[in-house]
Amino acid sequence: MIRLSDIRIKISRITPDNEKEVLKREILGRLKIKEEDLLSFSISKKSVDARKKADICLVYSLDAEVANEEHVLKKTGGRDVFPTPAVIRPDLRFGSEKLRHRPVVTGMGPAGIFAALILAQNGYRPIVLERGEDVDSRVMKINDFWDHGKLDPESNVQFGEGGAGTFSDGKLTTLINDPRCEQVLREFVSAGAPQEILYKNKPHIGTDLLRSVVKNLRQSIISHGGEVRFRSRVTDFITRDGEITALEINGEEILECNVVILAIGHSARDTFEILYKRGIEMIPKPFSIGVRIEHPQEVIDRAQYGSEAGNPMLGAADYKLAYHSKSGRSAYTFCMCPGGYVVAAASEKGHVVTNGMSEYKRDGVNANSALLVGVSPEDYPGHHPLAGVEFQRNWERLAFQLGGSDYRAPVQLIGDFLNDRISTGIGS
Ligand SMILES: Cc1cc2nc3c(=O)[nH]c(=O)nc-3n(C[C@H](O)[C@H](O)[C@H](O)COP(=O)(O)OP(=O)(O)OC[C@H]3O[C@@H](n4cnc5c(N)ncnc54)[C@H](O)[C@@H]3O)c2cc1C
């Protein structure tokens with residue numbers, strides 16, 4: 001297989017209908033081969049270069065299977081034409097001791113799902129304990145919350161099958177270069193995610209597709225010998241001589257175990273408190289806090305793509321902004337959701353938390369993004385390791401009161417915010 005990199009195609013030359021043909025012509029031209037010698041090809045990377053609005057390009061890396069590969073490489077090989085690098089498989093190491101009990105994975109967000117999947121695929125028959133519900137029941141609970149303000153503290157936007165990101169944009173960017181990232185993407189594709197996530201520079205799945213992907217991942221865990229238990233909250237950790245011996249589930253059942261993977265995410269404040277009481281060492285950490293800012297998607301498209309705004313090859317545009325103040329505090333945008341929605345995402349009664357969510361097509365009229373500022377332990381009330389949680393709760397309670405105490409978020413127009421005015425209506 002031959003990799004051809006840095007293939008830049010002007011946006012005006014390419015459409016969803018002619019993309020394959022245009023790429024084929026590029027390969028034939030670069031490798032100087034006849035059409036019949038190109039056996040197959042696939043996209044390995046695709047990104048948008050919109051730095052110059054008058055010259056927006058799609059940039060591809062392609063993998064081509066050709067007749068007489070060695071000869072073709074000898075003739076045309078170089079910086080941008082070379083043998084396709086071998087896929088690096090993550091290095092899995094196995095223990096030598098026989099486990100007394102099946103390993104337990106607590107939490108079925110992305111971390112728990114992939115821990116359980118890899119354990120199951122390798123014959124460890126994990127038991128997954130998830131406090132929330134399966135994704136279908138969860139969707140009903142969340143719709144009830146969004147429509148009628150009825151919050152189930154155990155099954156909501158934070159808790160339940162798929163974890164905190166199921167009702168999200170499903171962005172899959174990590175900004176790290178680790179062979180495990182590719183394995184995760186491949187598993188997503190096997191579970192029904194679109195093939196393009198394997199090559200797009202900024203892959204995303206969308207909440208609509210994610211829900212079935214998550215279900216398929218669960219089926220895969222089960223078909224490999226794993227077990228998934230919903231509505232099963234770990235309520236205590238039982239230890240002997242500093243080693244875990246059992247978990248208490250829902251305050252009533254005891255599950256003996258000696259290997260537990262805690263994949264409980266960022267929101268299980270009650271579980272953090274139990275862990276603290278059980279003597280697990282903890283330190284407060286910095287995090288970011290802020291608001292969601294929302295604007296018409298077409299404004300962002302025009303700002304990023306100029307006259308090419310709306311071109312189907314570009315899709316809905318995104319952005320990323322950062323500001324470093326002299327005080328040392330930084331403000332930045334995060335988790336931008338093109339064509340998405342701002343959603344209520346609380347998991348505790350009497351608190352308001354917002355987040356962003358998009359569907360696969362990202363075709364909503366608005367875009368939104370988190371607008372955040374970094375906070376650190378010096379900002380928290382006191383020195384307790386969980387003081388940051390109290391800090392979060394204070395702001396979430398205030399937001400709840402300001403929004404009318406029914407889980408609607410307080411809203412203000414940016415112009416009014418900058419002019420210190422209360423808004424009397426909201427935009428479109
Ligand atoms: C609305 C929203 C949108 C987001 N969008 C994106 C995005 O587009 N891209 C992105 O990369 N990130 C996104 N994030 C962040 C992302 O979801 C988290 O970083 C990610 O979910 C963390 O994964 P996790 O598995 O560690 O934890 P979580 O996803 O939080 O999963 C933890 C799971 O553990 C369960 N649990 C907790 N305590 C217990 C217990 N005691 N017993 C049993 N089960 C328990 C919870 O119910 C939960 O299902 C978004 C988050 C939200 C809320």
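Predicted model: local features only at pLDDT ≥ 70, side-chain atom pairs only at ≥ 80, totals over all residues.
**Entry 1: the whole chain**

I started with the overall picture. The protein chain has 428 residues, and 42% of them are buried. Going through the secondary structure, I counted up 10 helices and 17 strands. I also looked up the extent of the C-alpha trace, which spans about 70 × 65 × 45 Å along its principal axes.

**Entry 2: who surrounds the ligand?**

Next I went to the ligand. Which residues come nearest to it? There are 32 residues around the ligand, and the nearest are Ala111, Glu130, Ala164, Lys171 and Thr271. I sorted the shell by residue type and got 13 nonpolar, 14 polar and five charged residues.

Which domains supply the shell? Domain 2 (104-277) and domain 3 (287-418) each give at least three residues to it.

**Entry 3: backbone atoms facing the ligand**

For Pro110, a backbone N or O atom is 3.2 Å from an oxygen of the ligand. Gly170 has a polar backbone atom 3.2 Å from a ligand oxygen.

How much of the ligand does the protein bury? On its own the ligand exposes 990 Å², and the protein buries 84% of that. I also noted the elements that give two or more residues to the shell: helix α3 (110-121) and strand β16 (354-357).

**Entry 4: cysteines**

How many disulfides does the structure hold? I found zero. A quick reminder to myself: a disulfide is a covalent bond between the sulfur atoms of two cysteines.

The cut-off I need here is 2.5 Å between the sulfur atoms.

Cys181 has 23% relative accessibility, so I put it down as partly exposed. Cys57 is buried, because its relative accessible area is 5%.

**Entry 5: Asp63**

Asp63 lies in strand β3, which runs over residues 57-66. Buried or exposed? Asp63 counts as buried, because its relative accessibility is 8%, and the cut-off for buried is under 20%. What does its side chain touch? A polar contact of 2.6 Å links it to the side chain of Arg3.

Asp241 has a phi of about 50°, and Tyr407 has one of about 75°.

Where do they sit? Asp241 is in the loop between β8 (234-240) and β9 (243-249). Tyr407 is in the loop between α9 (387-402) and α10 (414-418).

Asp241 has a relative accessible area of 77%, so it counts as exposed. Tyr407 has 13% relative accessibility, so it goes down as buried. My note for the page: both residues sit in loops, but Asp241 is exposed while Tyr407 is buried.

Definitions and conventions: Residues numbered from 1 in each chain as written. Heavy atoms only, no water. Near = heavy atom within 4 Å. Polar contact = N/O pair within 3.5 Å; in protein donor to acceptor, adjacent residues only side chain to side chain. Areas by Shrake-Rupley, 256 points an atom, 1.4 Å probe, with all protein chains shown as cover. Helix = DSSP H or I, 4+ residues; strand = E, 2+ residues; numbered from the N terminus. Nonpolar A, V, L, I, M, F, W, Y, C, P; charged D, E, K, R; others polar. Domains from an automatic or database assignment. Buried < 20%, exposed > 50% of the residue type's maximum accessible area, 1.4 Å probe, protein only.
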